[in-house]
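Dear colleague,

Please find below the structure I am handing over to you.

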Amino acid sequence: MTDILRSERAAEELAAEHGVGDPFAAAIRAARMAMIVTDAHQPDHPIIFANDAFLALTGYQRDEVIGRNCRFLQGPGTDPAAIETLRRAVADGEDATLDILNYRKDGTTFWNALTLSPVRGKSGRIDYFFGSQLNISDKKRAEFELGDARDRLEAAVEARTADLTQALQQKTALLHEVDHRVKNNLQLISSLLLLQNRRVTDPAVKGSLRGMLERVSAIATVHRRLFQSDDVERFDVSAFVRDLVGDMVGSARRDDIKVRLDLERVDIAASKAAPLALVISELFSNALRHAFPPEAMNGRPGEIFVGITRQDEEFRIEIADDGVGLEYSASSGGFGLTIVQLLCQQLKARTETTPADPGTRVVVRLPVNGGHR
Amino acid sequence: MTARPLDVLIVEDEVLLATELEFLVEEIGCHSVGLAMSSDEAMALASDLHPDLALVDVHLRDGPTGVEVARTIHDDCGGVALFMTANVKRLPDDFAGACGVIGKPYSEYGVKTALTYLTVCLREGLAPGPPPLGLELSPAYAERWGLTARPQAVQA
């Protein structure tokens, strides 16, 4: 007996068992889901039943599928791993559910959500395998399209991120370049003033040049400090004062003047750093140069106090000396004080100069945010 | 001990900075032996003159070649380099063999104090104390001059 004959015989037996009156058989024959039954007793498990939905899905005639193993649905695009899953399920007599790419008679493909399960007889032996096929091509296409769209989006995001990273690197390089140039130019200005100071002999001109040099140095100290911190928006006034005061006292060569600092860490906006630095530099320089004329000190050591505290909504900056006091000191001609007044106006700060007995105390009150009410 | 003045080579492409620096070097009792504005000039002068100390800007006429100059002075000329640059953060971790860096913009007083301090370090082989404000020593030289974490016994 040929295989085809044997399958036809098995098909007839199955049909005879589940005749016209069998509601389950009728349901399967008329179901919209494609379904097949294979004969587990024959070698290679040929199909012995296929419903109309299966024939409609695959494009085959009934006599073209009966007696054949259903691997004719597979093609070059079918995943070998899916085929292996099927083979193993049949060999082990187990259920299998998987999505597999199948081919119609005309060569077109469809995605098949396949469920395969063994059907056991009364003895427990596997008599049949039951397979149901659902065309999920639309769902698969949507999945693929979604995947494609996600890949494209990821690629676009990656490209944009690369662009932005490069732009940021360029901006950072530019920032470093500008910072470098600002520092070099400040150095250049200092050098110019120092060089000219070496040439001139007039003490008044020398004094003016020294004053300008101090102001440039104060701004230079700000710039050195500005880029040292990680936050370029904020400026630590106490660190600046420490640098500035050390430098000014050192270069004044007045070992008889001691400096006392009481500095609370106070951050101001970077945009206010240079004007405030000039104010502090001017006031400190004034004390250093005018409060302690050697001829009036009679060997008495002098002290300059610099204190910074935050009081409510104000920063309080105090510069006090125990020198000869306002009335006795030879003022520097007023340019320094004019600078202080103008910059305090700009900073919306108030200054107050009082006798400290002995000496002079200047207090600058700078609003933490915005101006004085 | 002989107090021979230190021979100092200035490597700086801004001529006004270099000129003023020469004055400062002389004022603290060192001897300015020459000025180089490019890396070629710097290396030629360094190998001819064998300065004790070279003050090296990172950006020279031929680009950011100061690091290479410092390394050559350290490796081949037996001298000590000191960076003077506005780009302190961009120096290599080992300072290219240089003993330290003074950040620009520096002050007249800051440079004089730093160079006076380095003169003592170079002569004595030992630091007289922590480096002054504005001078940062390289880790290798800080150790060489006895400024490691372990407190150094005071030498009378």
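The buried residues of H6(A) are covered by elements of both chains of this predicted model: H7 of chain A is among them, together with helix H1 (15-27) and helix H4 (108-124) of chain B. The residues in question are Lys183(A), Leu186(A), Gln187(A), Ser190(A), Ser191(A), Leu193(A) and Leu194(A). As a general point, an α-helix has 3.6 residues a turn, so positions three or four places apart point the same way.

In total, 21 residues of chain A are in contact with 17 residues of chain B. On the side of chain A that touches chain B, helix H6 (137-199), helix H7 (203-226) and helix H8 (237-252) of chain A each supply at least two residues. The most comes from H6(A), which gives 12 residues.

Five strands form an open sheet with mixed pairing, in the order S7-S9-S10-S12-S11. Its edges are strand S7 (257-263) and strand S11 (350-355) of chain A, each of which pairs on one side only. From one strand to the next, the twist averages 10 degrees. Within the sheet, strand S10 (residues 314-321) and strand S12 (residues 360-367) of chain A are antiparallel and pair over eight bridges. Arg316(A) has Arg365(A) in S12(A) as its bridge partner.

H8(A) touches S7 and strand S9 (302-311) of chain A, and its direction makes about 175 degrees with that of S7(A). Helix H9 (residues 273-290) of chain A touches S7, S9, S10 and S12 of chain A, and its direction makes about 20 degrees with that of S10(A).

Finally, a word on confidence. The model scores ipTM 0.86 and pTM 0.70. Chain B has a mean pLDDT of 90, with 93% of its residues at 70 or more. Over residues 152-156 of chain B, however, the pLDDT is below 50, and this stretch has two contacts in the model beyond near neighbours in sequence.

With kind regards

Key. Residues numbered from 1 in each chain as written. Chains lettered and ligands numbered in written order. Predicted model: local features only at pLDDT ≥ 70, side-chain atom pairs only at ≥ 80, totals over all residues. Contact = placed C-beta atoms within 7 Å. Helix = DSSP H or I, 4+ residues; strand = E, 2+ residues; numbered from the N terminus. Buried ≥ 20, exposed ≤ 12 C-beta atoms within 10 Å, placed from the backbone. pLDDT = per-residue confidence, 0-100. Pairing = 2+ DSSP bridges. Axes fitted to C-alpha atoms, helices over the stretch in contact; angles between N-to-C directions.
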